[in-house]
Amino acid sequence: MTVAHVDSYYAASANPAPDRPALSGDVDVDVCVVGGGIAGCSTALHLAERGYSVVVLEGQRVGWGASGRSGGQAIVGYACSQAKLTSLVGRDDAKKMFDVSVEAQELIRSLVHRHGIECDLHWGHLHAAIKPRQVDELQAHRDELERDYGYGGTRWLDRNELRQVLDTDRYAGALRDDRSGHLHSLNYTLGIAAAAEAAGARIYEQAEVVGMDHGATVRVRTKSGPCVRARHVALCCNAYVDARISKHLRDRIMPVGTYIIATERLGRARIEALLRENVAVSDVNFVLDYFRRSEDDRLLFGGRVSYSGRDALDTAKATRGRMLKVFPGLTDAKIDHAWGGHVDITMNRAPDFGRLTPNVYYLQGFSGHGIALTGMAGKLVAETIAGQSERFDLFTRLRHRDFPGGPALRMPGLVLAMLWFRLKDLL
């Protein structure tokens, strides 16, 4: 039986894609990639283009997880601050990491153009401030980007200038960056998967991995029985990494639920009155709101997070309430789609890349900044397997800790922490 994508605006507007076969027999390859999201498909594409034989094992369908359900915002930088990266690896390497995040945006542009991926890619992003202290923080961030990282082209919009872009009084100003942008995340993922297959990679769906036998040749075992034997393995499971694959990796991330709604089609005139330019927007609260236009004139609005693993409130109602704080004129707009999913966060919100053994690599901990960074991470793994590990090894220097409390206490502890940060948002 074919597994369906989670019901969402993205699934309803997805480009045609094949139902890929399940793994039906043992396979020997150079590289086995576990996970068919952006990171896994990018890894497969960049390796196949170098001539490696590659198999991708996806437990559900390509783009089934965060890659196919997210807010679709491709933002320069990381979920943690550059100051945090500097404290972990020093200023020079933090600068190199920032440059990788900039290259990640250019990689999106290149992949979309080179492979003809139809994913509604648009450039332009606004980080919006609600409170005066956030205005100061964003302006200081702009100065830091220009002074310390040579990142020009951002522009501060005061309240009046912002009103020329957004029809809302909620924000005191915004930092505009036209080198960040937004896209249809599922169609982007499907496009990279198709490009990887065109380059020679093989992708199997409904191929859940339940364990690995390590060695010079790694034996990757699937739930249905067949195995893949590979000289290298890349684990690109993110929030869905299974403890049977690695309890060590599972303990270092927390799957966090986030939720998105899509309004009915508002019509071109009405959506352009709300967002006069086709830019993505996110505020800078810890529990943030983010939104953008769709290609068929809907408002896609995300907000709320759940650290408990439960959606205790009605998703559509609660997220719609947040939307109306930004755009109160949408009280009559129907909600056509409401969905959620998990992103994988680390304790320090820095990405977690590394090796379990010399020939088993992993990518996780994108902490909500995955649209651009996952594709770039796949490229870095491919470089490393091909013998150029310098850039990947930058990230292995980042030190990560397990979430405290074990399975029984880690979520309640984070719920309390989230309440504290929500109180800070209100100050």
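Biologist: Which side chain meets that of Arg-268 in a salt bridge?
Modeller: This is a predicted model, in which local features need pLDDT of at least 70 and side-chain atom pairs count only at pLDDT 80 or more, whereas totals for chains, interfaces and linings use all residues. Residues are numbered from 1 along each chain as its sequence is written, and side-chain values use heavy atoms, with hydrogens and water left out. Taking a salt bridge as a side-chain nitrogen of Lys or Arg within 4 Å of a carboxyl oxygen of Asp or Glu, the partner, at 2.7 Å (N to O), is Asp-297.

Biologist: How many residues apart in sequence are the parts that this pair ties together?
Modeller: Arg-268 belongs to helix H9 (residues 268–274), and Asp-297 to the loop between strand E13 (290–293) and strand E14 (299–306); helices (H or I, at least four residues) and strands (E, at least two) are DSSP runs, numbered from the N terminus. The pair therefore ties together parts whose separation in sequence is 29 residues.

Biologist: Is Asp-297 buried or exposed?
Modeller: Buried means under 20% relative accessible area and exposed over 50%, with partly exposed in between (1.4 Å probe, protein chains only). Arg-268, at 43%, is partly exposed, whereas Asp-297, at 9%, is buried.
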